[in-house]
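Here is a short report on one protein chain, written to be read beside the sequence and the 3D view.

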Amino acid sequence: MDKNQATGLILFAAVILIYSIFFASGPEIPEGETVAITQTEAIDPTSSFEPQDVAPIAENDSILSQSRINTYGVLAVMTMGTEEEVLLENDLIQVKISSKGANVKEVILKEYKSWDMNPLDLISEKSSQMNFMIDTKSGPINLNDLYFNSSIDSSVDEEGVKTQTLTFSAATESGQLTHKFTLKDGSYELKKTFEIDRYSGVFTGNSIAFSWDDQIKAQESNLAESKRQSRLNYYTASGSFDNLGAGDDLEEEAIEEPVKWISFSQRFFSAAIISDSTFQSVKITQSTPTDSAIVRNMSAAFNIPLVDGKAGFTFYFGPDKYKVLKKVTPGFEDNVDMGYFFVSWVNKYIIVNLFAFLEKFFSNYGVIIIIIVFLIKLALFPLTYKSYIGMAKMRVIKPEIDELKEKYGDDATKMQQEQMKLFSQLGVSPISGCLPLVLQMPFLFAMFFFFPNAIELRQESFLWASDLSTYDTFLKLPFTIPFYGSHVSLFTLLMTVSQIVYTHFNNQLTTATGPMKNLGYIMPVMFMFILNSYPAGLSFYYFVSNMVTFGQQALIKLFVDDAKIRAKVDESKVKNVNKKKSKFQQKLEDAMKAADSNRKK
């Protein structure tokens with residue numbers, strides 16, 4: 001560049017400078033455009049995780065679009081920033097939280113894997129969306145639109161438990177908004193609080209409108225069983241547990257009374273939200289998608305109370321383990337289906353505790369199941385013994401019963417009356433063999449609920465079964481059998497064969513004939529179809545239970561002689577020859593006579 005060119009450029013620059021100082025007006029910004037805030041004007045959302053003070057933003061220092069100001073008012077400056085993701089984790093869970101909205105984006109359970117052995121992400125950004133709406137004088141806004149600074153702190157309590165606190169803050173000259181997440185070691189509970197400091201007259205509502213939409217991902221290989229066990233559960237402030245059913249149709253419900261907690265519960269895991277007080281105006285929805293990777297679509301919308309500018313609640317992200325859930329909040333253990341009230345007590349107070357105790361000494365769950373069978377059978381042995389003796393008494397008096405059938409076979413009422421008289425004389429009760437079996441039924445049916453929901457069996461192998469929490473595929477069929485499936489479960493076959501053998505052996509000990517005798521062979525075949533797609537652990541339990549019962553009855557037979565039982569029956573016959581009828585027997589006979597008389601009329 002020569003001297004003349006340099007002089008020309010200098011003169012040109014001087015003309016532009018003089019013009020801009022003395023003649024040009026302030027910059028015009030077309031409507032709808034935004035000028036970014038400088039680093040000195042706003043809180044940097046990419047600041048370090050070290051605790052730091054939040055510098056207030058001068059609300060009139062930022063140049064924002066009019067539409068943004070109209071929507072967010074003095075909070076408009078908080079809608080500009082850069083999103084970052086912060087990890088908060090302990091020994092059990094890893095939570096990813098975004099600085100935009102201070103919202104949970106992803107939760108990974110460290111102790112578990114998905115069915116294909118990938119990390120188990122209970123919720124993810126793609127499948128889960130939470131929104132926090134709050135009323136302001138400019139109208140409702142979504143807190144997810146605001147950017148926050150993050151800082152993290154940790155402390156240790158008196159018991160030596162480490163607690164981490166992740167804080168997200170944003171401030172202007174009018175006040176400050178703060179989100180805090182607290183996570184303790186050894187816990188699946190993530191505590192969250194939200195606080196409004198000052199902002200007088202800005203926020204007009206007394207609650208936060210929260211909504212949560214979640215596509216429940218398939219974490220198990222057996223999709224049908226996962227759908228059957230998935231529920232949207234809730235617990236009211238009055239202490240009532242309820243849920244939306246497991247049907248495939250769209251289900252919606254508006255809950256009139258306040259709710260304490262809501263849980264998106266799949267077969268073995270739950271993502272839940274628990275109120276510090278109660279949730280109001282709750283609406284829940286559930287549907288089943290066609291996508292095989294999704295078990296259920298669940299959503300909940302409700303109001304979280306704001307008291308003095310503060311709101312708090314707790315997330316639970318973890319396994320549906322009964323003893324763990326019971327410590328979270330009242331009623332939370334009901335996320336695990338323990339069965340109807342007449343069998344649930346067996347699971348809650350006996351089986352759960354047995355499993356927890358035996359887990360300390362045994363790592364193989366097949367062995368644990370065998371031990372539990374032996375312990376239960378040992379405890380119920382007195383009932384088994386009484387049942388055997390009762391059936392033996394009925395067996396030895398069969399000749400007398402046959403005589404009555406020949407004599408009164410055409411008169412059913414008379415036959416029943418004479419049978420009752422015979423039983424009274426011989427000191428034999430027709431229900432003495434059945435009643436002990438009925439008393440054992442709660443234990444039998446309790447397992448039908450326990451094993452499909454026992455996370456302890458998840459991905460635990462035994463013999464040829466790779467996972468005791470689902471069916472064992474011994475043989476894959478090239479076709480599907482209705483109500484059975486396209487596979488053969490060997491544990492279910494073994495259970496069926498053992499039950500048929502047991503029925504045959506039992507029929508030799510009883511006086512059952514005709515349809516009642518054949519019913520014992522039909523039931524095992526029916527259960528073979530029902531249990532073929534149920535957990536292998538359940539079929540294995542029933543199989544071992546049958547085998548132990550064989551052993552018990554063989555042992556009893558060694559010490560029980562039919563001749564001695566016959567002698568006791570004859571002895572009772574002599575004692576009761578002049579025995580008067582009891583009031584109950586008399587009333588029963590009178591009722592039978594009245595019924596027969598009415599029938600003949």
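This is a predicted model. By the ring-pair rule, the count comes to 35 aromatic pairs.

**A stacked pair and its neighbour**

Take F132 and F313. Their ring centres lie 6.1 Å apart and their planes meet at 15°. Planes under 30 degrees apart count as stacked, so this pair is stacked. The pair links distant parts of the chain. F132 belongs to strand β5 (residues 128-136), whereas F313 belongs to strand β18 (residues 310-319).

| Ring pair | Centre distance | Plane angle | Class |
|---|---|---|---|
| F132 and F313 | 6.1 Å | 15° | stacked |

Is F315 buried or exposed? Its relative accessibility is 1%, so F315 counts as buried. F313 has a relative accessible area of 4%. The cut-off for buried is under 20%, so F313 is buried too.

Ring pairs link F132, F210, W212, F264, F279, F302, F313, F315 and F317 into a cluster.

How many residues of β18 are buried? The count is 9 of the 10, so β18 is largely enclosed by the rest of the structure.

Strands of a sheet pair through backbone hydrogen bonds, either parallel or antiparallel. β18 pairs with strand β10 (residues 189-198) in the antiparallel sense, over 7 bridges. Within that pairing, F194 has A311 of β18 as its bridge partner. Strand β16 (residues 269-287) also pairs with β18, again antiparallel and over 7 bridges. There, A271 stands opposite F317 of β18. F317 is one of the residues in the aromatic cluster.

**A four-stranded sheet**

Elsewhere, an open sheet of 4 strands runs in the order β1-β2-β3-β4, with antiparallel pairing. Which are the edge strands? They are β1 (85-89) and β4 (119-123), each pairing on one side only. From one strand to the next, the twist averages 25°. β1 pairs with strand β2 (residues 93-98) in the antiparallel sense over 5 bridges. For E89, the bridge partner in β2 is Q94.

**A buried methionine**

M391 is found in helix α7 (residues 381-396). It has a relative accessible area of 9% and is therefore buried. M391 and V428 are 37 residues apart in sequence. In space, their C-alpha atoms are 9.9 Å apart.

**The chain as a whole**

The secondary structure of the protein chain comes to 15 helices and 20 strands. Of its 601 residues, 46% count as buried. The chain exposes about 31,200 Å², and carbon and sulfur atoms supply 57% of that area. Among contacts between residues at least 6 apart in sequence, 66% join residues at least 24 apart.

Note on methods:
Residues numbered from 1 in each chain as written. Predicted model: local features only at pLDDT ≥ 70, side-chain atom pairs only at ≥ 80, totals over all residues. Heavy atoms only, no water. Pairing = 2+ DSSP bridges. Helix = DSSP H or I, 4+ residues; strand = E, 2+ residues; numbered from the N terminus. Axes fitted to C-alpha atoms, helices over the stretch in contact; angles between N-to-C directions. Phe/Tyr/Trp six-rings, centres within 6.5 Å; stacked < 30°, edge-to-face > 60°. Buried < 20%, exposed > 50% of the residue type's maximum accessible area, 1.4 Å probe, protein only. Contact = heavy atoms within 4.5 Å. Areas by Shrake-Rupley, 256 points an atom, 1.4 Å probe, with all protein chains shown as cover.
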